[in-house]
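Hi everyone, thanks for making the time. Please have the viewer open while I talk, and stop me whenever you like.

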Amino acid sequence: MDDNKKFERLALRVKLKRWLMTILLIVIVVPVMAGIGYKFTQNLSSTQTEKLMTQFTIRQEVMAPNIQSSDLYISNSGLGGGEVSSHEYKDIDGYHIPWGSANGTYNWLYSEINNDNFVDTTRTAAYNRVTQEKIPMFYNNQVTNPAIKKANELTAVSSMHNYVAEVAVSFDQPMTYQQILAKLPKNIRANWFWIGVGGQADPTLQDNNLMGIRSVGGKITDLSYHSFWKNLKAAKKGNLGQFNQFSLSKYATQYAKKYPSLRQAKFAGVILTGKSESFKALRNRSWISESSVGATIKRVPYIKPRY
């Protein structure tokens with residue numbers, strides 16, 4: 001009996017030790033593994049966040065026709081992922097007009113910019129779906145019957161009194177930066193220079209996903225063009241989209257290869273801004289093939305136009 005009791009006690013001690021060791025291992029290993037797992041997933045999320053931020057930067061620098069961003073920030077961040085958001089507006093001769101927002105999502109394995117650039121179209125015009133502001137349209141001279149009819153609206157906008165306006169002007173032939181500046185009146189600024197499209201691509205079908213470079217005060221420097229050129233080269237990583245078999249990323253790469261410097265670069269059009277009456281000086285110019293008015297806003301005494 002004594003031997004049996006000793007054996008039972010010994011067996012109980014062994015079981016208790018095993019239980020204690022198991023509990024100790026769980027207490028130590030589970031938090032460590034959880035910490036490693038959390039660190040791993042956060043690294044994955046961080047990688048996808050950086051990729052998404054890069055996509056936003058490329059799009060804002062390359063594909064924002066006279067559209068500017070107020071911010072770029074992470075929202076709704078959680079363990080499984082989150083969102084990146086940016087608020088957008090237009091600057092028309094010192095007047096800010098809301099343009100909506102851009103949003104992207106990311107998780108541990110994937111990131112993408114949501115297709116928030118929705119456009120409402122008619123046969124004669126296109127509108128931002130959120131703000132219902134009119135979108136200035138560009139045209140490809142190789143397309144005789146575009147989805148949105150070709151427009152010539154300089155006479156109409158120059159007849160408006162006490163407004164500021166933006167107007168997209170498509171050129172009869174591509175021009176260099178210096179050639180464009182030489183043709184513009186001093187009281188009108190070129191806010192955005194369009195690099196055009198390839199072949200028979202119809203830009204009126206691209207939901208305002210057009211590529212070009214933003215100016216500062218109507219000017220482009222060699223340094224700013226070089227930054228734009230680098231973003232064009234990086235566009236193949238940004239998946240800028242495809243419209244009617246026309247790849248924006250592919251065209252961006254081709255343009256960057258053809259025009260490595262501002263001196264060589266040629267543009268197919270510009271978005272001009274200024275007082276509505278100032279556009280009278282551009283009426284009936286032979287180098288302008290089409291002109292399309294975008295957003296306009298009535299001038300007020302407490303905001304002075306810049307030019």
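Let me begin with a term: buried means under 20% relative accessible area, exposed means over 50%, and partly exposed is in between, with a 1.4 Å probe and protein chains only. What we have here is a predicted model, where local features need pLDDT of at least 70 and side-chain atom pairs count only at pLDDT 80 or more, while totals for chains, interfaces and linings use all residues. Residues are numbered from 1 along each chain as its sequence is written, and side-chain values use heavy atoms, with hydrogens and water left out.

So, Asn284: buried or exposed? Asn284 counts as exposed because its relative accessibility is 78%. You will find Asn284 in the loop between strand 13 (266-275) and strand 14 (288-298); helices (H or I, at least four residues) and strands (E, at least two) are DSSP runs, numbered from the N terminus. Thr155 is 129 residues from Asn284 in sequence, yet their C-alpha atoms are 8.8 Å apart.

Now some backbone geometry. Most residues other than glycine have a negative phi. Asn284, not a glycine, has a positive phi of about 65°. Asp93 also has a positive value, with phi near 55°. Asp93 sits in the loop between strand 3 (81-92) and strand 4 (95-107), and it counts as buried because its relative accessibility is 0%.

Next, please find Thr204, in the loop between strand 9 (189-194) and strand 10 (212-214). With 6% relative accessibility, Thr204 counts as buried. Which backbone nitrogens does its side chain reach? The side chain of Thr204 reaches the one of Ala147 at 3.3 Å, and a polar atom of that side chain lies 3.3 Å from the backbone nitrogen of Ile148. For reference, a polar contact is a pair of N or O atoms within 3.5 Å; within protein, one must be able to donate a hydrogen and the other to accept it, and residues adjacent in sequence count only if both atoms are side-chain atoms. Leaving aside residues up to four places away in sequence, Thr204 touches Met137, Phe138, Tyr139, Pro146, Ala147 and Ile148, where contact means heavy atoms within 4.5 Å.

Finally, the core. A nonpolar core is a set of buried Ala, Val, Leu, Ile, Met, Phe, Trp, Tyr and Cys residues joined through side-chain atoms within 4.5 Å. The largest one has 53 residues, and those touching the most other members are Phe193, Met211, Tyr225, Tyr255, Phe267, Leu272 and Phe279. Strand 8 gives the most to this core, with 6 residues. Tyr255 touches Ile195, Tyr225, Leu232, Ala265, Lys266 and Phe267, again not counting residues up to four places away in sequence. Apart from that core lies another, of 10 residues, among them Ala64, Ile67, Ile135 and Met137.
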